[in-house]
Amino acid sequence: MLGLSGCATGIVIIVLALILGYILVNGISYLNIDIITQAAKPVGEIGGGMRDEIFGTLILVVLASIIALPIGLLTGIFVSEYAGPKIASAVRFAADILAGVPSIVVGVFAYAVLVRPMHSYSALSAGVALAIIMIPVVARTAEEALRLVPNSQREAALALGINRWRAIAGVILPGAITGIVTGIMLAVARVAGETAPLIFTALGSAFGVQGLNQPIGALPLQIYRYALSPYRDWQQQAWAAAFLLVILVLGINVIVRWVSRRRSR
Amino acid sequence: MMNTIKPDAVLPAGKWDVAEGRRGRIGDKIFFNLTLIFTLLMVLILVGLIIILNIDAWPAIQRFGISFISSISWDPVNEIFGALPAVYGTLLSSLIGLLIAVPISLGCAIFLSELAPEWLSRPCSFLIEMLAAIPSVIIGLWGMFVLVPFIRSPVEKWLGSTLGFLPFFQGPPFGVGFLSAGIILAIMVIPIITAVSRDVMCAVPITQREAMLALGATKWEMINRAVLPYCRSGLVGAIILGLGRALGETMAVTMVIGNAYNLTASLFSPGVTIASKVASEFSEASGDIYIGSLVELALVLFGITLLVNIIARLLVWRATSVRTTGE
């Protein structure tokens, strides 16, 4: 039985190696500079790239961060610094439940709240959908990081006679900044690869980035479209784009974990 | 899970504000209210989600009533919609996923928390976390071009010829279908079940293990008789948490399940899940009833995952908080 548990771990790592291996091999063999520098070509024309989609993903991630960071961060501060135990666990529970809402349902929500009233698919609605996915992640990690700040620091700050919000902003928050940044980066990595809520909010765009109230392309969305397309050229571009996305997402994950582990030693 | 003493315990809130006079108190009030408002905003999003989905699904709810769940037709032309095949597909693919994922994940968790030395368990945990970080659409891409052909030709052919007398393994091997979707889901939920059950196992007090070993138990008996029973509810919570993830998983499943509105016992046949139905049709739907039906599907999915997640959270919380009260 003990051997079997080792085998189980082995299987999982082999599966991971298989997935990454295929993406690496296929991705690198189809990768060329056009993917980054060229816009998508219309159906039937060979070539083209994903310049606009890469740019679109950047815009969406920034937009989502602008919306989600204040909400997530201040929620984390509220739970860790102000709320009593009962309210804290209620808010924590709400955050966990929000984190468990399927991303496709979040997409439907963003569609109902923004796309329908505005009568247009838009970058803004996609940003809001991604923000809703980010908020609970940021809130929970921020709260956990804040709680790790030793209480003596809180008391020391307050003993100096400064008031509470300045103690939080000037002493407690800087003390937890590594953990908070870790959480933010992991949330960014998560939404950068998120596809389901974008299908009917961002929609994708054949005309590049036109504005926040217009449809916009995104890298994961384009991977989905191209993978399902019958054109060999597009499928190859999907592999190359998948390679870029994996490098981005896993890169963020590896760096963040490496840095936070070094700091915590 | 340290129980931190809030500054309130040292100085009751409001008392020490006086020290800095009126200005400080105003700053504090503003900051406190700011955090409160944003916290309420997050809770409001959750509540708003439920309300908005209900409003948008209302035309369909009104039209079909309870028969929406039991009807098997999906006919946009005549505007007759039923959710049964999608609900069935969601449950079936998640069940297959769990059947594969649970033994593997528990094996991993036992290995990582009980057996592996530090130098081995650390990189292994890290790699499993990396598997969780790969975006769903990329797992789907891999599933479409690597897994599905593999499932079609050796796996389903072999299952069909050896176990073909069972209704699950009959029919032509398409490759895309419930079996592929289940395997993809297994890959996607293994990291979460492993991580949570590892944490739950690590929360079992060391005294339990030592007592068992002191009685002369082998390592396996110690795990089987002391560790696993002690954290059983936490492990169930971990599995249900994985179930919640599997039910709502969208992209990877949409890409390998084949999207046919089918209600069959055969695991080889293409099917559909709630999430894949919504993902593949929502942007092309028109008319209140059609869109309403898709939103109602999303609402059903939301309801199921909400229930599953609440149960899982309660179980996991109870299991991991045992440590803090026990010590």
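**Note on the predicted two-chain model**

1. The largest nonpolar core holds 193 residues, and those with the most contacts inside it are A:M134, A:I223, A:A242, B:I184, B:V256 and B:A298. Domain 1 (7-64) and domain 2 (69-326) of chain B both contribute residues, so this core lies between them. A nonpolar core here is a set of buried Ala, Val, Leu, Ile, Met, Phe, Trp, Tyr and Cys residues joined through C-beta atoms within 7 Å. A residue is buried if 20 or more other C-beta atoms lie within 10 Å of its own, exposed if 12 or fewer, and partly exposed in between, with C-beta atoms placed from the backbone. The domain bounds come from an automatic or database domain assignment.

2. Residues are numbered from 1 along each chain as its sequence is written, and chains are lettered from A and ligands numbered from 1 in the order in which they are written.

3. Chain A contains 11 helices and 0 strands. Helices (H or I, at least four residues) and strands (E, at least two) are DSSP runs, numbered from the N terminus. The C-alpha atoms of chain A occupy a box of roughly 70 × 60 × 35 Å along the principal axes. Of its 265 residues, 52% count as buried. Among contacts in chain A between residues at least 6 apart in sequence, 71% join residues at least 24 apart; two residues are in contact if their C-beta atoms, placed from the backbone, lie within 7 Å.

4. Chain B has 13 helices and 2 strands, and its C-alpha trace spans about 75 × 60 × 35 Å along the principal axes. Buried residues make up 48% of the 327 residues in chain B. Of the contacts in chain B with a separation of 6 or more, 77% are between residues 24 or more positions apart.

5. How many residues take part where the two chains meet? On chain A there are 69 residues in contact with 74 residues of chain B. Helix α1 (residues 2-30) of chain A supplies the largest share of the chain A side, 14 residues. By class, that side has 52 nonpolar, 12 polar and 5 charged residues. In this classification Ala, Val, Leu, Ile, Met, Phe, Trp, Tyr, Cys and Pro count as nonpolar, Asp, Glu, Lys and Arg as charged, and the others, Gly among them, as polar.

6. The two domains of chain B also touch: 10 residues of domain 1 are in contact with 10 residues of domain 2. The domain 1 side of this contact has 7 nonpolar, 1 polar and 2 charged residues. The centres of the two domains of chain B, taken over C-alpha atoms, are 34 Å apart.

7. α6(A) bends by about 30 degrees at A:M134, and a proline, A:P136, follows within four residues. The bend is the angle between axes fitted to the seven residues ending at a residue and the seven starting there. Of the 25 residues of α6(A), 23 are buried. A:M134 is also among the core residues named in point 1.

8. B:A275 is found in helix α12 (residues 274-281) of chain B. Because 29 other C-beta atoms lie within 10 Å, B:A275 is buried. Leaving aside neighbours within four places in sequence, B:A275 is in contact with residues of both chains, including A:P102, A:I104, B:G248 and B:L301. B:V256, one of the core residues, has contacts beyond four places in sequence that include B:G140, B:M144, B:V176 and B:I184.

9. A:L203, which is not a glycine, has phi near 70 degrees and sits in the loop between α9 (177-192) and α10 (219-228) of chain A. A:L203 counts as buried because it has 21 C-beta neighbours inside 10 Å. B:N259, also not a glycine, has a positive phi of about 50 degrees and lies in the loop between α11 (251-257) and α12 of chain B. B:N259 counts as buried, with 20 C-beta neighbours inside 10 Å.

Methods
This is a predicted model: local features need pLDDT of at least 70, side-chain atom pairs count only at pLDDT 80 or more; totals for chains, interfaces and linings use all residues.
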